[in-house]
Amino acid sequence: MAKVFERTNGLTDKPFHYCPGCTHGVIHRLVAEVLEELDVLGETIGVAPVGCSVFAYDYFNCDMHEAAHGRAPAVATGIKRVHPDKVVFTYQGDGDLASIGAAEIIHAAARGEKITTIFVNNAIYGMTGGQMAPTTLEGQKATTSPYGRDVSHAGMPMRVSEMLATLDGAKFVERVSVHNAAAVRKTKKAIKKAFELQLSGEGFGIVEVLSTCPTNWGLTPVESLKWLEENMIPYYPLGNICTPEEVK
Amino acid sequence: MAKVLMKGNEAIGAAAIKAGCNYFFGYPITPQNELPEYMARELPNIGGIFLQAESEVAAINMVYGAAGAGARVMTSSSSPGIALKQEGISYIAGAELPCVIVNIVRGGPGLGGIQPAQSDYYQSTRGGGNGDYRHVVYAPATIQETVDLVMESFDVAEQYRMPVMVVGDGMIGQMMEPIEFKEPKKRPLEPKTWATDGTKGKRKPNIINSLFIDPQELEDHVLKLERKYDEIKEKEVRYENYNVEDADVVVVAYGTTSRIAKNAIAKCEEEGMKVGLIRPITLWPFPDKAFDEITDKTKGVLTVEMSTGQMIDDVKIALNGRKPVHFYGRTGGMVPTPDAIVDEIKKIAGGVK
(Lines give C-alpha, C1' and ligand atoms only; values in the text may rest on other atoms or scores of the structure.)
Protein backbone atom coordinates (compact mmCIF):
# COMPACT_ATOMS: atom_id res chain seq x y z
CA MET A 1 0.00 0.00 0.00
CA ALA A 2 1.34 3.43 -0.87
CA LYS A 3 2.53 5.49 2.06
CA VAL A 4 0.58 8.76 2.21
CA PHE A 5 2.03 10.22 5.39
CA GLU A 6 5.22 9.76 7.29
CA ARG A 7 6.61 11.36 10.41
CA THR A 8 9.33 13.83 9.50
CA ASN A 9 12.92 12.95 10.32
CA GLY A 10 13.36 16.64 11.16
CA LEU A 11 11.96 16.01 14.63
CA THR A 12 13.40 13.78 17.35
CA ASP A 13 11.29 11.16 19.15
CA LYS A 14 11.03 13.33 22.27
CA PRO A 15 7.33 14.01 23.06
CA PHE A 16 6.41 17.72 23.00
CA HIS A 17 5.73 19.32 26.38
CA TYR A 18 3.28 21.82 24.86
CA CYS A 19 -0.22 22.36 26.28
CA PRO A 20 -3.17 20.72 24.52
CA GLY A 21 -4.23 22.83 21.52
CA CYS A 22 -1.03 24.90 21.44
CA THR A 23 0.13 25.44 17.87
CA HIS A 24 3.87 25.28 18.58
CA GLY A 25 3.74 21.58 17.70
CA VAL A 26 2.32 22.32 14.23
CA ILE A 27 4.91 25.04 13.61
CA HIS A 28 7.76 22.80 14.80
CA ARG A 29 6.63 20.14 12.37
CA LEU A 30 6.45 22.58 9.46
CA VAL A 31 9.99 23.81 10.11
CA ALA A 32 11.23 20.23 10.48
CA GLU A 33 9.51 19.09 7.28
CA VAL A 34 10.99 22.00 5.35
CA LEU A 35 14.52 21.26 6.60
CA GLU A 36 14.06 17.61 5.65
CA GLU A 37 12.62 18.42 2.21
CA LEU A 38 15.52 20.79 1.52
CA ASP A 39 17.85 17.99 2.66
CA VAL A 40 19.74 20.30 5.01
CA LEU A 41 19.15 18.71 8.43
CA GLY A 42 22.79 17.65 8.63
CA GLU A 43 23.91 21.17 7.74
CA THR A 44 21.58 23.10 10.05
CA ILE A 45 22.12 24.73 13.42
CA GLY A 46 18.98 25.98 15.19
CA VAL A 47 18.85 28.46 18.04
CA ALA A 48 16.19 28.00 20.72
CA PRO A 49 14.74 30.91 22.73
CA VAL A 50 13.57 31.38 26.29
CA GLY A 51 9.82 30.97 26.59
CA CYS A 52 7.43 28.13 25.83
CA SER A 53 9.66 26.82 23.05
CA VAL A 54 12.75 26.80 25.29
CA PHE A 55 13.02 23.03 24.86
CA ALA A 56 13.02 23.29 21.05
CA TYR A 57 16.62 22.06 21.26
CA ASP A 58 15.28 18.65 22.27
CA TYR A 59 12.78 18.48 19.40
CA PHE A 60 14.61 19.50 16.23
CA ASN A 61 16.76 16.74 14.82
CA CYS A 62 19.76 18.95 14.04
CA ASP A 63 22.48 20.74 16.01
CA MET A 64 20.90 23.20 18.44
CA HIS A 65 22.04 26.06 20.66
CA GLU A 66 19.92 27.32 23.56
CA ALA A 67 20.20 31.13 23.83
CA ALA A 68 19.52 33.58 26.64
CA HIS A 69 16.16 35.39 26.58
CA GLY A 70 15.93 37.48 23.41
CA ARG A 71 19.52 36.86 22.34
CA ALA A 72 18.89 34.14 19.75
CA PRO A 73 19.65 36.44 16.77
CA ALA A 74 23.02 37.39 18.33
CA VAL A 75 23.86 33.75 19.02
CA ALA A 76 22.78 32.85 15.48
CA THR A 77 24.98 35.66 14.15
CA GLY A 78 27.98 34.18 15.94
CA ILE A 79 27.24 30.71 14.53
CA LYS A 80 26.56 31.91 10.98
CA ARG A 81 29.73 34.04 10.88
CA VAL A 82 31.75 30.96 11.85
CA HIS A 83 29.87 28.64 9.48
CA PRO A 84 28.64 30.78 6.56
CA ASP A 85 27.94 27.62 4.54
CA LYS A 86 25.52 26.19 7.12
CA VAL A 87 21.81 26.84 7.57
CA VAL A 88 21.14 28.79 10.77
CA PHE A 89 17.70 29.57 12.16
CA THR A 90 16.19 31.04 15.30
CA TYR A 91 12.83 30.00 16.72
CA GLN A 92 11.44 32.71 19.00
CA GLY A 93 8.23 33.78 20.66
CA ASP A 94 6.83 37.29 20.91
CA GLY A 95 8.12 38.08 24.42
CA ASP A 96 11.56 36.85 23.47
CA LEU A 97 11.78 38.54 20.07
CA ALA A 98 9.63 41.67 20.34
CA SER A 99 10.37 42.69 23.91
CA ILE A 100 13.65 41.69 25.54
CA GLY A 101 15.25 40.78 22.20
CA ALA A 102 14.07 43.79 20.18
CA ALA A 103 17.59 45.17 19.74
CA GLU A 104 19.03 41.82 18.68
CA ILE A 105 16.37 41.10 16.02
CA ILE A 106 16.45 44.64 14.61
CA HIS A 107 20.22 44.64 14.24
CA ALA A 108 20.39 41.09 12.87
CA ALA A 109 17.90 42.23 10.21
CA ALA A 110 19.73 45.52 9.64
CA ARG A 111 23.02 43.70 9.09
CA GLY A 112 21.28 41.38 6.70
CA GLU A 113 22.44 38.33 8.65
CA LYS A 114 21.89 35.34 6.42
CA ILE A 115 19.72 33.55 8.94
CA THR A 116 16.04 32.59 9.09
CA THR A 117 13.85 33.57 12.03
CA ILE A 118 10.63 31.76 12.87
CA PHE A 119 8.70 34.26 14.99
CA VAL A 120 5.77 32.70 16.81
CA ASN A 121 3.33 35.41 17.87
CA ASN A 122 0.54 34.38 20.25
CA ALA A 123 0.11 37.82 21.83
CA ILE A 124 1.06 36.68 25.34
CA TYR A 125 3.87 35.34 27.54
CA GLY A 126 3.01 31.65 27.78
CA MET A 127 5.77 30.00 29.82
CA THR A 128 5.67 32.49 32.68
CA GLY A 129 1.89 32.25 33.00
CA GLY A 130 0.10 34.65 30.70
CA GLN A 131 1.61 38.09 31.17
CA MET A 132 1.15 40.97 28.70
CA ALA A 133 3.47 40.91 25.68
CA PRO A 134 4.38 43.74 23.28
CA THR A 135 1.98 41.99 20.88
CA THR A 136 -0.95 41.68 23.31
CA LEU A 137 -3.97 43.28 21.64
CA GLU A 138 -5.77 46.40 22.83
CA GLY A 139 -8.19 45.40 25.57
CA GLN A 140 -6.81 41.85 25.76
CA LYS A 141 -6.64 40.51 29.30
CA ALA A 142 -3.38 39.13 30.61
CA THR A 143 -2.15 38.56 34.16
CA THR A 144 -0.25 41.87 34.06
CA SER A 145 -3.05 43.65 32.19
CA PRO A 146 -5.91 42.21 34.27
CA TYR A 147 -8.38 44.90 33.12
CA GLY A 148 -7.39 44.50 29.49
CA ARG A 149 -4.48 46.20 27.72
CA ASP A 150 -4.91 49.93 28.24
CA VAL A 151 -3.07 51.47 25.31
CA SER A 152 -2.90 54.89 26.99
CA HIS A 153 -0.82 53.18 29.65
CA ALA A 154 0.99 50.32 27.86
CA GLY A 155 1.06 51.61 24.30
CA MET A 156 -0.25 49.93 21.18
CA PRO A 157 0.77 46.38 20.22
CA MET A 158 3.84 46.16 18.00
CA ARG A 159 3.68 45.04 14.38
CA VAL A 160 7.17 43.61 14.28
CA SER A 161 7.18 42.32 10.72
CA GLU A 162 6.16 45.66 9.23
CA MET A 163 8.85 47.36 11.32
CA LEU A 164 11.58 44.92 10.25
CA ALA A 165 10.53 45.17 6.61
CA THR A 166 11.62 48.83 6.62
CA LEU A 167 15.22 47.64 6.99
CA ASP A 168 17.14 47.05 3.77
CA GLY A 169 18.84 43.98 5.24
CA ALA A 170 15.49 42.19 5.73
CA LYS A 171 14.99 40.44 2.38
CA PHE A 172 12.05 38.23 3.16
CA VAL A 173 9.28 39.11 5.60
CA GLU A 174 5.94 37.30 5.66
CA ARG A 175 3.16 36.97 8.21
CA VAL A 176 1.23 33.72 8.22
CA SER A 177 -1.07 31.83 10.58
CA VAL A 178 -1.96 28.31 11.61
CA HIS A 179 -5.65 28.79 12.46
CA ASN A 180 -6.87 26.36 9.78
CA ALA A 181 -5.52 23.78 7.34
CA ALA A 182 -5.27 26.20 4.42
CA ALA A 183 -3.32 28.66 6.58
CA VAL A 184 -1.01 25.88 7.75
CA ARG A 185 -0.20 25.01 4.12
CA LYS A 186 0.58 28.68 3.37
CA THR A 187 2.77 28.83 6.44
CA LYS A 188 4.81 25.88 5.25
CA LYS A 189 5.30 27.58 1.87
CA ALA A 190 6.51 30.76 3.52
CA ILE A 191 8.91 28.88 5.79
CA LYS A 192 10.28 26.97 2.83
CA LYS A 193 10.81 30.15 0.84
CA ALA A 194 12.60 31.79 3.77
CA PHE A 195 15.04 28.87 4.07
CA GLU A 196 15.52 28.74 0.28
CA LEU A 197 16.47 32.42 0.33
CA GLN A 198 19.00 31.71 3.08
CA LEU A 199 20.47 28.93 0.95
CA SER A 200 20.83 31.32 -1.99
CA GLY A 201 22.53 33.85 0.33
CA GLU A 202 19.92 36.59 -0.02
CA GLY A 203 19.99 38.01 3.49
CA PHE A 204 17.79 38.06 6.57
CA GLY A 205 14.42 36.31 6.43
CA ILE A 206 11.62 36.16 8.98
CA VAL A 207 8.31 34.34 9.02
CA GLU A 208 5.89 35.60 11.67
CA VAL A 209 3.43 32.86 12.53
CA LEU A 210 0.26 33.87 14.37
CA SER A 211 -0.29 31.22 16.99
CA THR A 212 -2.59 30.38 19.89
CA CYS A 213 -2.29 29.99 23.64
CA PRO A 214 -5.49 28.25 24.83
CA THR A 215 -4.14 27.85 28.37
CA ASN A 216 -3.40 31.52 29.00
CA TRP A 217 -6.15 32.90 26.78
CA GLY A 218 -8.60 30.84 28.86
CA LEU A 219 -10.23 29.36 25.75
CA THR A 220 -10.62 25.88 24.32
CA PRO A 221 -8.28 24.96 21.45
CA VAL A 222 -11.13 25.40 18.93
CA GLU A 223 -12.23 28.72 20.45
CA SER A 224 -8.60 29.83 20.36
CA LEU A 225 -8.30 29.25 16.63
CA LYS A 226 -11.47 31.28 16.11
CA TRP A 227 -10.21 34.04 18.46
CA LEU A 228 -6.96 34.23 16.49
CA GLU A 229 -8.87 34.56 13.21
CA GLU A 230 -11.32 37.15 14.50
CA ASN A 231 -9.01 39.25 16.67
CA MET A 232 -5.39 38.83 15.70
CA ILE A 233 -5.60 38.77 11.91
CA PRO A 234 -7.42 42.13 11.65
CA TYR A 235 -4.56 43.79 13.59
CA TYR A 236 -1.78 41.59 12.21
CA PRO A 237 -2.71 41.22 8.53
CA LEU A 238 -1.46 38.08 6.80
CA GLY A 239 0.65 38.11 3.68
CA ASN A 240 4.05 38.77 2.26
CA ILE A 241 5.53 42.09 3.31
CA CYS A 242 8.74 41.85 1.36
CA THR A 243 10.47 39.40 -1.00
CA PRO A 244 13.56 39.94 -3.14
CA GLU A 245 12.61 41.32 -6.60
CA GLU A 246 14.01 38.37 -8.52
CA VAL A 247 11.84 35.75 -6.80
CA LYS A 248 8.54 37.67 -6.71
CA MET B 1 62.40 37.26 17.24
CA ALA B 2 63.12 40.96 17.61
CA LYS B 3 61.06 42.88 20.11
CA VAL B 4 58.47 45.34 18.84
CA LEU B 5 57.13 48.40 20.59
CA MET B 6 53.35 48.18 20.93
CA LYS B 7 50.54 49.84 22.80
CA GLY B 8 48.87 47.47 25.28
CA ASN B 9 45.47 47.33 23.60
CA GLU B 10 46.97 46.64 20.15
CA ALA B 11 49.41 44.11 21.60
CA ILE B 12 46.44 42.19 23.03
CA GLY B 13 44.88 42.05 19.56
CA ALA B 14 48.14 40.92 17.96
CA ALA B 15 48.61 38.25 20.64
CA ALA B 16 45.07 36.96 20.12
CA ILE B 17 45.59 36.65 16.37
CA LYS B 18 48.93 34.88 16.93
CA ALA B 19 47.06 32.47 19.22
CA GLY B 20 44.66 31.60 16.40
CA CYS B 21 41.73 33.80 17.36
CA ASN B 22 39.82 34.47 14.14
CA TYR B 23 36.61 35.96 15.52
CA PHE B 24 36.06 39.11 17.52
CA PHE B 25 32.73 40.62 18.56
CA GLY B 26 32.79 43.90 20.43
CA TYR B 27 31.23 47.26 21.15
CA PRO B 28 33.05 50.61 21.56
CA ILE B 29 33.94 51.81 25.04
CA THR B 30 36.90 53.79 26.39
CA PRO B 31 39.69 52.93 27.29
CA GLN B 32 39.89 49.75 25.17
CA ASN B 33 38.89 51.01 21.70
CA GLU B 34 42.32 50.41 20.12
CA LEU B 35 41.74 46.68 20.61
CA PRO B 36 38.53 46.29 18.54
CA GLU B 37 39.93 48.83 16.07
CA TYR B 38 43.06 46.68 15.68
CA MET B 39 40.91 43.59 15.15
CA ALA B 40 38.70 45.44 12.62
CA ARG B 41 41.86 46.29 10.68
CA GLU B 42 43.71 42.98 10.94
CA LEU B 43 41.15 40.15 11.08
CA PRO B 44 39.81 40.62 7.52
CA ASN B 45 43.40 40.25 6.22
CA ILE B 46 43.64 36.72 7.61
CA GLY B 47 40.15 35.55 6.67
CA GLY B 48 38.77 36.21 10.14
CA ILE B 49 35.70 38.15 11.18
CA PHE B 50 35.45 41.35 13.20
CA LEU B 51 31.90 42.39 13.90
CA GLN B 52 30.78 45.46 15.81
CA ALA B 53 27.70 44.39 17.73
CA GLU B 54 24.74 46.60 18.65
CA SER B 55 25.59 46.30 22.36
CA GLU B 56 27.87 44.50 24.77
CA VAL B 57 24.98 42.14 25.48
CA ALA B 58 24.76 41.21 21.80
CA ALA B 59 28.55 40.98 21.48
CA ILE B 60 28.92 38.40 24.26
CA ASN B 61 25.98 36.42 22.86
CA MET B 62 27.66 36.41 19.45
CA VAL B 63 30.72 35.06 21.26
CA TYR B 64 28.43 32.44 22.84
CA GLY B 65 27.23 31.37 19.39
CA ALA B 66 30.68 31.39 17.79
CA ALA B 67 32.25 29.50 20.71
CA GLY B 68 29.49 26.90 20.49
CA ALA B 69 30.17 26.61 16.76
CA GLY B 70 33.77 25.69 17.58
CA ALA B 71 35.63 28.95 16.93
CA ARG B 72 38.49 30.61 18.82
CA VAL B 73 36.70 33.79 19.76
CA MET B 74 37.24 36.87 21.84
CA THR B 75 35.53 40.02 23.06
CA SER B 76 36.76 42.99 25.02
CA SER B 77 35.24 45.86 26.90
CA SER B 78 35.69 48.07 29.93
CA SER B 79 33.94 47.95 33.29
CA PRO B 80 30.34 49.08 32.58
CA GLY B 81 30.47 47.09 29.35
CA ILE B 82 31.70 44.00 31.19
CA ALA B 83 28.77 44.45 33.57
CA LEU B 84 26.48 44.09 30.55
CA LYS B 85 28.32 40.99 29.37
CA GLN B 86 27.75 39.12 32.63
CA GLU B 87 24.58 37.47 31.35
CA GLY B 88 26.47 35.89 28.48
CA ILE B 89 29.49 34.99 30.61
CA SER B 90 27.24 33.03 32.97
CA TYR B 91 25.65 31.17 30.01
CA ILE B 92 29.07 30.43 28.47
CA ALA B 93 30.34 29.11 31.81
CA GLY B 94 27.16 27.05 32.25
CA ALA B 95 27.31 25.63 28.73
CA GLU B 96 31.06 24.95 29.14
CA LEU B 97 32.36 26.83 26.14
CA PRO B 98 35.79 28.39 25.65
CA CYS B 99 36.30 32.09 24.97
CA VAL B 100 38.54 34.95 26.03
CA ILE B 101 37.19 38.19 27.52
CA VAL B 102 39.40 41.23 28.07
CA ASN B 103 38.44 43.90 30.61
CA ILE B 104 40.43 47.13 30.46
CA VAL B 105 39.14 48.37 33.79
CA ARG B 106 38.03 51.96 34.41
CA GLY B 107 36.66 53.59 37.54
CA GLY B 108 33.11 53.02 38.77
CA PRO B 109 30.39 52.61 39.98
CA GLY B 110 27.96 53.46 37.20
CA LEU B 111 29.44 55.35 34.30
CA GLY B 112 32.29 56.19 36.68
CA GLY B 113 35.27 57.54 34.78
CA ILE B 114 37.70 56.49 32.08
CA GLN B 115 40.95 56.46 34.06
CA PRO B 116 42.74 53.28 35.27
CA ALA B 117 41.15 51.44 38.18
CA GLN B 118 40.99 48.03 39.83
CA SER B 119 37.48 48.35 41.16
CA ASP B 120 36.22 45.37 39.13
CA TYR B 121 37.98 42.77 41.30
CA TYR B 122 34.68 41.57 42.74
CA GLN B 123 33.02 41.65 39.33
CA SER B 124 35.84 39.57 37.83
CA THR B 125 36.35 37.01 40.58
CA ARG B 126 32.92 36.71 42.19
CA GLY B 127 31.03 36.09 39.00
CA GLY B 128 29.03 39.17 38.04
CA GLY B 129 26.57 36.79 36.41
CA ASN B 130 24.12 34.45 38.11
CA GLY B 131 24.77 31.02 39.48
CA ASP B 132 27.55 28.79 40.79
CA TYR B 133 30.35 29.42 38.34
CA ARG B 134 33.95 30.54 38.16
CA HIS B 135 36.35 31.47 35.42
CA VAL B 136 40.09 32.00 35.31
CA VAL B 137 41.09 35.67 35.73
CA TYR B 138 44.58 36.79 34.71
CA ALA B 139 45.94 40.15 35.86
CA PRO B 140 49.15 40.97 33.99
CA ALA B 141 51.46 43.76 35.14
CA THR B 142 53.44 44.44 31.94
CA ILE B 143 52.58 44.46 28.26
CA GLN B 144 54.86 41.44 27.76
CA GLU B 145 53.02 39.52 30.43
CA THR B 146 49.70 40.64 28.93
CA VAL B 147 50.72 39.26 25.54
CA ASP B 148 51.92 35.97 27.08
CA LEU B 149 48.74 35.51 29.10
CA VAL B 150 46.40 36.45 26.25
CA MET B 151 48.08 33.84 24.04
CA GLU B 152 47.86 31.20 26.74
CA SER B 153 44.27 32.14 27.65
CA PHE B 154 42.88 30.60 24.47
CA ASP B 155 44.50 27.25 25.30
CA VAL B 156 43.40 27.43 28.94
CA ALA B 157 39.84 28.26 27.84
CA GLU B 158 39.78 25.24 25.52
CA GLN B 159 41.48 22.87 27.94
CA TYR B 160 38.89 23.55 30.63
CA ARG B 161 36.02 24.63 28.33
CA MET B 162 35.36 27.86 30.17
CA PRO B 163 35.59 31.63 29.67
CA VAL B 164 38.96 33.12 30.60
CA MET B 165 39.17 36.79 31.53
CA VAL B 166 42.24 38.96 31.19
CA VAL B 167 42.00 42.03 33.40
CA GLY B 168 44.10 45.06 32.65
CA ASP B 169 43.48 48.68 33.41
CA GLY B 170 43.70 51.88 31.43
CA MET B 171 47.44 51.93 32.10
CA ILE B 172 48.01 48.47 30.62
CA GLY B 173 45.76 49.33 27.68
CA GLN B 174 47.31 52.66 26.82
CA MET B 175 51.00 52.17 27.73
CA MET B 176 53.65 51.19 25.13
CA GLU B 177 56.34 48.62 25.91
CA PRO B 178 58.65 46.39 23.85
CA ILE B 179 57.24 42.90 23.44
CA GLU B 180 57.85 39.61 21.70
CA PHE B 181 55.41 36.84 20.90
CA LYS B 182 56.29 33.49 22.42
CA GLU B 183 54.44 30.21 21.92
CA PRO B 184 52.75 29.18 25.17
CA LYS B 185 53.55 25.72 26.54
CA LYS B 186 51.63 22.92 24.85
CA ARG B 187 48.46 21.86 26.60
CA PRO B 188 46.34 18.76 26.06
CA LEU B 189 43.54 20.05 23.82
CA GLU B 190 40.75 17.69 22.75
CA PRO B 191 39.01 17.96 19.37
CA LYS B 192 35.78 19.97 19.65
CA THR B 193 33.42 17.06 19.06
CA TRP B 194 30.71 18.97 20.95
CA ALA B 195 30.60 21.93 18.50
CA THR B 196 27.48 22.87 16.53
CA ASP B 197 28.86 22.51 13.01
CA GLY B 198 26.12 20.35 11.52
CA THR B 199 25.58 16.61 12.07
CA LYS B 200 26.20 15.86 8.37
CA GLY B 201 23.89 12.92 9.09
CA LYS B 202 26.79 11.15 10.77
CA ARG B 203 26.22 11.78 14.47
CA LYS B 204 23.48 12.69 16.94
CA PRO B 205 22.73 16.42 17.19
CA ASN B 206 25.04 18.46 19.40
CA ILE B 207 23.20 20.72 21.84
CA ILE B 208 24.80 23.75 23.49
CA ASN B 209 22.80 24.44 26.61
CA SER B 210 22.85 25.71 30.18
CA LEU B 211 19.27 24.72 31.11
CA PHE B 212 18.72 21.76 33.45
CA ILE B 213 15.11 21.88 34.56
CA ASP B 214 15.43 18.84 36.86
CA PRO B 215 17.10 20.08 40.08
CA GLN B 216 19.03 16.84 40.50
CA GLU B 217 20.44 17.19 36.98
CA LEU B 218 21.37 20.81 37.65
CA GLU B 219 23.07 19.91 40.90
CA ASP B 220 25.02 17.16 39.13
CA HIS B 221 26.03 19.64 36.41
CA VAL B 222 27.12 22.29 38.92
CA LEU B 223 29.12 19.73 40.90
CA LYS B 224 30.82 18.63 37.69
CA LEU B 225 31.79 22.28 37.10
CA GLU B 226 33.01 22.46 40.69
CA ARG B 227 35.35 19.49 40.16
CA LYS B 228 36.77 21.31 37.16
CA TYR B 229 37.29 24.43 39.26
CA ASP B 230 39.06 22.34 41.91
CA GLU B 231 41.44 21.02 39.25
CA ILE B 232 42.14 24.58 38.12
CA LYS B 233 42.86 25.68 41.70
CA GLU B 234 45.33 22.80 41.85
CA LYS B 235 47.09 23.42 38.53
CA GLU B 236 46.66 26.97 37.30
CA VAL B 237 47.48 29.29 40.21
CA ARG B 238 50.11 31.90 39.29
CA TYR B 239 51.84 34.50 41.39
CA GLU B 240 55.15 36.25 41.87
CA ASN B 241 56.70 36.33 45.35
CA TYR B 242 59.56 38.71 46.17
CA ASN B 243 61.50 38.50 49.48
CA VAL B 244 58.41 37.30 51.34
CA GLU B 245 60.19 34.96 53.79
CA ASP B 246 62.49 37.65 55.13
CA ALA B 247 60.06 40.58 55.17
CA ASP B 248 59.00 42.81 58.04
CA VAL B 249 56.08 43.93 55.89
CA VAL B 250 54.57 42.12 52.91
CA VAL B 251 52.79 44.16 50.26
CA VAL B 252 50.08 42.49 48.15
CA ALA B 253 49.31 44.13 44.82
CA TYR B 254 48.45 43.09 41.26
CA GLY B 255 48.62 44.62 37.79
CA THR B 256 49.72 48.24 37.46
CA THR B 257 49.62 48.73 41.23
CA SER B 258 52.22 45.99 41.74
CA ARG B 259 54.68 47.98 39.63
CA ILE B 260 54.20 51.04 41.79
CA ALA B 261 54.51 48.84 44.88
CA LYS B 262 57.85 47.55 43.55
CA ASN B 263 59.12 51.13 43.34
CA ALA B 264 57.95 51.73 46.92
CA ILE B 265 59.67 48.52 48.07
CA ALA B 266 62.94 49.59 46.39
CA LYS B 267 62.79 52.90 48.27
CA CYS B 268 62.22 51.06 51.56
CA GLU B 269 65.17 48.76 50.82
CA GLU B 270 67.40 51.81 50.28
CA GLU B 271 66.48 52.80 53.81
CA GLY B 272 67.42 49.34 55.10
CA MET B 273 63.93 47.94 55.52
CA LYS B 274 62.92 44.42 54.48
CA VAL B 275 59.70 44.51 52.49
CA GLY B 276 58.28 41.64 50.47
CA LEU B 277 55.72 41.50 47.66
CA ILE B 278 53.05 38.99 46.75
CA ARG B 279 51.76 39.67 43.25
CA PRO B 280 48.78 37.53 42.28
CA ILE B 281 48.86 36.85 38.52
CA THR B 282 45.70 34.77 38.70
CA LEU B 283 43.02 36.67 40.64
CA TRP B 284 40.96 33.49 40.36
CA PRO B 285 42.17 31.04 41.39
CA PHE B 286 43.63 33.28 44.12
CA PRO B 287 47.18 32.27 45.12
CA ASP B 288 46.43 31.30 48.73
CA LYS B 289 49.63 29.27 48.98
CA ALA B 290 51.76 32.34 48.21
CA PHE B 291 50.86 33.49 51.72
CA ASP B 292 52.25 30.30 53.30
CA GLU B 293 55.72 31.78 52.81
CA ILE B 294 54.99 34.58 55.26
CA THR B 295 56.92 33.90 58.50
CA ASP B 296 56.53 34.93 62.13
CA LYS B 297 58.96 37.77 61.43
CA THR B 298 56.40 39.67 59.35
CA LYS B 299 54.55 42.31 61.37
CA GLY B 300 51.76 42.93 58.92
CA VAL B 301 50.48 42.70 55.38
CA LEU B 302 49.59 45.74 53.28
CA THR B 303 47.13 45.34 50.43
CA VAL B 304 47.42 48.07 47.83
CA GLU B 305 44.71 48.46 45.21
CA MET B 306 43.23 51.03 42.89
CA SER B 307 39.88 50.55 44.62
CA THR B 308 38.50 51.03 48.12
CA GLY B 309 39.52 47.48 48.96
CA GLN B 310 38.24 44.41 47.14
CA MET B 311 41.16 41.96 46.80
CA ILE B 312 41.76 42.52 50.52
CA ASP B 313 38.93 40.05 51.19
CA ASP B 314 40.90 37.27 49.47
CA VAL B 315 44.08 38.31 51.27
CA LYS B 316 42.25 37.93 54.59
CA ILE B 317 40.84 34.57 53.55
CA ALA B 318 44.33 33.38 52.55
CA LEU B 319 45.88 34.58 55.83
CA ASN B 320 42.98 33.27 57.90
CA GLY B 321 43.77 35.63 60.79
CA ARG B 322 47.51 34.83 60.92
CA LYS B 323 48.60 38.45 60.38
CA PRO B 324 47.05 41.89 60.61
CA VAL B 325 45.97 43.05 57.15
CA HIS B 326 46.18 46.74 56.29
CA PHE B 327 44.88 48.56 53.26
CA TYR B 328 45.95 51.46 51.13
CA GLY B 329 44.13 52.38 47.97
CA ARG B 330 43.28 55.16 45.59
CA THR B 331 40.18 54.90 43.46
CA GLY B 332 38.08 56.60 40.81
CA GLY B 333 41.03 56.68 38.39
CA MET B 334 43.54 58.06 40.89
CA VAL B 335 46.82 56.15 40.93
CA PRO B 336 48.78 55.57 44.18
CA THR B 337 52.25 57.13 44.35
CA PRO B 338 55.27 55.13 45.54
CA ASP B 339 55.80 57.62 48.39
CA ALA B 340 52.28 57.13 49.72
CA ILE B 341 52.85 53.36 49.75
CA VAL B 342 56.23 53.85 51.50
CA ASP B 343 54.46 55.85 54.22
CA GLU B 344 51.94 53.04 54.76
CA ILE B 345 54.71 50.44 54.90
CA LYS B 346 56.54 52.50 57.53
CA LYS B 347 53.41 52.81 59.66
CA ILE B 348 53.14 49.01 59.78
CA ALA B 349 56.86 48.42 60.25
CA GLY B 350 56.92 50.84 63.17
CA GLY B 351 60.38 50.99 64.74
CA VAL B 352 61.81 48.16 62.64
CA LYS B 353 64.99 49.17 60.85
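## Reading a two-chain model

Mentor: Chain B holds eleven helices and 15 strands. Helices (H or I, at least four residues) and strands (E, at least two) are DSSP runs, numbered from the N terminus. This is a predicted model: local features need pLDDT of at least 70, side-chain atom pairs count only at pLDDT 80 or more, and totals for chains, interfaces and linings use all residues. Residues are numbered from 1 along each chain as its sequence is written, while chains are lettered from A and ligands numbered from 1 in the order in which they are written.

Trainee: In what order do the seven strands of the open sheet in chain B stand?

Mentor: Start with the general idea. Strands of a sheet pair through backbone hydrogen bonds, either parallel or antiparallel. Here two strands pair if DSSP finds at least two bridges between them. The order in chain B is S3-S2-S4-S5-S7-S6-S13, with mixed pairing. Strands S3 (49-52) and S13 (282-284) of chain B each have a single partner strand, so one side of each lacks a neighbour in the sheet.

Trainee: In which sense do S4 and S5 of chain B pair?

Mentor: Strand S4 (residues 73-77) and strand S5 (residues 99-105) of chain B are parallel, over four bridges. There, B:Ser76 stands opposite B:Val102.

Trainee: Now a helix. Which residues of H10 in chain B are buried?

Mentor: A residue is buried if 20 or more other C-beta atoms lie within 10 Å of its own, exposed if 12 or fewer, and partly exposed in between; C-beta atoms are placed from the backbone. In helix H10 (residues 312-319) of chain B, the buried ones are B:Ile312, B:Asp314, B:Val315 and B:Ala318. They cover an arc of only 160° around the axis, so they lie on the same side of H10(B). The arc is that of the directions from the helix axis to the C-beta atoms.

Trainee: Why can residues of a helix point the same way?

Mentor: An α-helix has 3.6 residues a turn, so residues three or four places apart point the same way.

Trainee: Which strands do the buried residues of H10(B) pack against?

Mentor: They pack against S11 (249-252), S14 (300-305) and S15 (325-329) of chain B. Two residues are in contact if their C-beta atoms, placed from the backbone, lie within 7 Å.

Trainee: How many residues does each chain give to the contact between chains A and B?

Mentor: Chain A gives 28 residues and chain B gives 34. On the side of chain A that touches chain B, H3(A) gives the most, with eight residues.

Trainee: Which strand of chain B is joined to S2(A)?

Mentor: Strand S9 (residues 207-208) of chain B; two bridges join the parallel pair. A:His65 stands opposite B:Ile208.
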